[in-house]
Every structure is written in C-alpha cells, then in structure tokens.
Amino acid sequence: MNFLKRLFGRSDDEESGPDLPITLDVEQRKAQLLRLEQSLDALVAAMKEDRTRLENPGWRARVAEYGRLAGEAMTQRQATLARDRLLDLVFEVRPVFTGPIPPELEQIGPLQDEVMAAAEALREVLPGERGGAS
C-alpha cells in the first residue's frame with residue numbers, strides 16, 4: 001500500500017482524501033530520462049557484444065526491447081512530459097536477469113543495476129512535485 005501512496009503523491013500521514021495534484025519538475029525529469037536512456041543504451045551495447053547470445057531469439061528480443069525503451073525515453077525527454085507516460089515507460093523496464101547472473105555475463109550486472117535505479121528514480125514523486133508546487 002505504501003507503494004501506491006508514493007505513486008499518487010501521498011505521505012504516510014494521509015490515509016484518505018483526494019489524490020494530491022502532481023506538477024512535474026520538468027528539468028529534473030528530463031535529466032532522469034536522459035539517465036535512463038543512456039543506461040539502457042549502455043546495457044544494449046554490452047548485450048550486443050556477445051555475438052553467440054545474439055543467435056538466441058529471446059536474447060535478441062530483449063536487446064530490441066531495451067533499445068525501444070531507450071528510444072521512448074528520448075522521445076519523452078524531447079516532448080511535453082506527462083506523469084502517466086513516464087510511469088508507463090518505467091513500469092516496462094525489467095532486469096535482464098532476475099536471479100544470479102551467469103559468470104560469463106558479470107559485466108551486465110552493474111549496467112542492469114543502473115537501469116533499474118534510473119527507472120526507480122522516475123517512479124518516485126519528487127518533493128517539489130507534491131501538491132502542485134513548482
């Protein structure tokens with residue numbers, strides 16, 4: 001439940017009442033989108049280095065998915081920002097590996113961690129965005 005409160009900009013003290021309006025901090029959100037875009041691009045580049053894995057259709061699809069998400073982050077960064085579109089984007093981001101990373105792919109670990117951290121940062125409501133404050 002705390003996750004939903006954070007998503008809609010409520011503090012732990014607010015149990016009921018209308019959702020607080022959220023006015024995006026455009027400059028900070030654009031910087032966060034750039035971070036997500038660049039981290040996804042770095043992950044794609046690392047995933048493409050392993051030519052033998054690129055023969056695997058699942059691996060190729062995941063590479064394409066991360067490339068598409070990087071493109072979406074760039075598109076949103078260049079357009080008028082909307083919270084619902086930001087959330088749609090970040091909820092699509094998922095880790096390459098949910099379990100242990102194979103030893104031969106250890107270089108993916110830090111890149112995956114950065115992608116997930118960048119997505120999490122975009123999920124959070126920034127303090128200046130609560131209650132419509134600019």
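Reply:

**Packing around helix H5**

H4 and H5 pack with their axes 9 Å apart, at an angle of about 155°. This is a predicted model. Angles over 145 degrees count as roughly antiparallel, so that label applies to H4 and H5. The crossing of H4 past H5 is left-handed. On the H4 side, the contact uses Arg83, Leu86, Leu87 and Val90. On the H5 side, it uses Ala119, Leu122 and Arg123. By class, that gives five nonpolar residues, two charged and no polar ones.

H5 has another partner in H2. Helix H2 covers residues 26–49, and helix H5 covers residues 108–123. They pack at an angle of about 155°, and their axes lie 9 Å apart. That angle makes H2 roughly antiparallel to H5. H2 also passes H5 in a left-handed crossing. The H2 side of the contact consists of Arg29, Gln32, Leu33, Arg35, Leu36, Ser39, Leu40, Ala42, Leu43, Ala46 and Met47. H5 answers with Ile108, Leu111, Gln112, Glu114, Val115, Ala117, Ala118, Ala119, Ala121 and Leu122. Here the classes are 15 nonpolar, three polar and three charged.

Ala119 and Leu122 of H5 take part in the contact with H4. Both residues are also listed in the contact with H2.

Next, the core. The largest nonpolar core holds 29 residues. Leu36, Met47, Trp59, Tyr66, Val96 and Ile108 touch the most other members. At least two residues come from each of H2, helix H3 (57–78), helix H4 (83–90) and H5. H2 gives the most, with seven residues. In general, nonpolar side chains tend to be buried together in soluble globular proteins.

Ile108 ties several of these points together. Ile108 belongs to the contact of H5 with H2. Ile108 is also among the core residues that touch the most other members. Setting aside residues up to four places away in sequence, Ile108 touches Leu43, Ala46, Met47, Val96 and Phe97. Of these, Leu43, Ala46 and Met47 are on the H2 side of the helix contact.

Now step back to the whole chain. The protein chain has five helices and zero strands. From the N terminus on, its elements run α-α-α-α-α. Buried residues account for 37% of its 134 residues. Consider contacts between residues at least 6 apart in sequence: 70% of them join residues at least 24 apart.

Methods: Residues numbered from 1 in each chain as written. Predicted model: local features only at pLDDT ≥ 70, side-chain atom pairs only at ≥ 80, totals over all residues. Heavy atoms only, no water. Axes fitted to C-alpha atoms, helices over the stretch in contact; angles between N-to-C directions. Helix = DSSP H or I, 4+ residues; strand = E, 2+ residues; numbered from the N terminus. Parallel < 35°, antiparallel > 145°, perpendicular 65-115°, else oblique. Left-handed = near helix turned anticlockwise from the far one by under 90°. Contact = heavy atoms within 4.5 Å. Nonpolar A, V, L, I, M, F, W, Y, C, P; charged D, E, K, R; others polar. Core = buried A, V, L, I, M, F, W, Y, C linked by side-chain atoms within 4.5 Å. Buried < 20%, exposed > 50% of the residue type's maximum accessible area, 1.4 Å probe, protein only.
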